Amino acid sequence: MTKIHSHTLPIEADIVDAFCLMQKGFTDQFVYYDKQRACRYMGLGRCIALPTLDEAESELEGPVEQPPVYFSFNRFDAENPAPADELFEAFPRLKFMLPEIVFIENERGTLLQVNSLGPVYAGRIERFARQALAAPPRRRMTVPYRLEPDSREAWRAAVGAGLAAIETGRVDKVVLSRRQRLVAERPFSSKDLLVNLIDGPARGTVLLYRYADVFFCGCTPELLVRKRGAELESMCLAGTCPAGGSEDERARLAAELMDDPKNRAEHDYVVRFIREVFRRTCYGVDVPAEPGILPLTHVQHLCTPARARLLEGVDLWSMMEDLHPTPAVAGTPVGEAKMLLREVEAYNRGFFAGACGYVDGAGDGEFSVALRTGVFDGEIGWVYAGCGIVEGSVADDEYDEIGMKLKTVLSAFDGGEAR
């Protein structure tokens, strides 16, 4: 049994500024930052990595009883035998990673947590707190880049293979993705992209996992699962239209999306899947019969919330594994859709569309689906986005939809300076 000592204290600091100041001293970096609510965890360094939290016990120290916060970044298809690109291959295969330092904004307030395998040395706490309080305001920076075009013809062929599988009854839906290689005009850092995602127009939850010289980041709109005690939440997200250039156009496009049979059918596959998983492992399941609209900066989605209470003995990790991947990122039936993706997609997705999040030592936490993301080394990278293919899908329309979705991760390169 591994004993973790966690010392947590309140701190009157801007956690993003503090993270930006202190990140230079740590090669391992982790961020799960919800831009809409106080669910913000930013970790530096790695105290320990564990295959299961059953092997750890926590000794809570300091004035705030906050269990230690572990981060977990998981691949879309961890068993895919095809190699991922060289950037994704550089990441180790670890389950639960406990940082040395975690900056926190949650229902307990703004906190600094220091983790150790022995009693936490008071001098370290004082030094980290002092540095955090002295952090200067962060600055946004634009990073010029070019995207190398991917093949529209190859995309048409992939969609054709997907539609053929649908026609023969192998699958009802498959979620295909595109990736594009990005080349920057000057070196950039994980901090540059993180600040632009947090302070820029992207909506959702900002994710970052840096290991040595490579980092994965983006801003996802899709919650996979959230646990607080016995309370469980998820989100059914599928069906897309443009955001529109005005409020009137946004409303018109949203109404058309609600009435579109293709998008409603695509959304319903996800609703039925999540409802069935919840009914196996929960009680008090509440999944509305009609979706709403989730408006984002560049697109809008059909969205149905899902809530339930967890049966005793079921934990967050097992719920994540039962739910991921959903038909929103794989297709349906999920298992057959994953096998089809191994055949059709020319690359291994790595963390793209994987389950990424955090869990604390008490078993609470949340995971999001890593959409609108990319992997980088500070000079080049790959950016990813996908869309659902169902009967009636048109390859060129879906190609253009992915182009809209890519704007979210590409906004990480826009510092917002006046032009």
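The model is predicted; local features need pLDDT of at least 70 and side-chain atom pairs pLDDT 80 or more, while totals for chains, interfaces and linings use all residues. Residues are numbered from 1 along each chain as its sequence is written, and side-chain values use heavy atoms, with hydrogens and water left out.

Helix 3 spans residues 122–133, 12 residues in total. Helices (H or I, at least four residues) and strands (E, at least two) are DSSP runs, numbered from the N terminus. From first to last C-alpha, helix 3 reaches 17 Å. This is close to the expected 16 Å, taken as 1.5 Å times one less than the number of residues.

No disulfides (cysteine sulfur pairs within 2.5 Å) were found in the whole structure. C236 is buried, at 0% relative accessible area. Its sulfur lies 7.6 Å from the closest cysteine sulfur, in C303, which is too far for a bond. C241 is buried as well, at 8%. For C241 the closest cysteine sulfur is also in C303, at 13 Å, again too far for a bond.

D286 is found in strand 16 (residues 282–286). D286 is partly exposed, at 41% relative accessible area; this class lies between buried and exposed, the latter being over 50%. Beyond neighbours within four places in sequence, D286 is in contact with P305, A306 and R307 (heavy atoms within 4.5 Å). The C-alpha atoms of D286 and A308 are separated by 6.0 Å, although 22 residues apart along the chain.

Terms used. Buried < 20%, exposed > 50% of the residue type's maximum accessible area, 1.4 Å probe, protein only.
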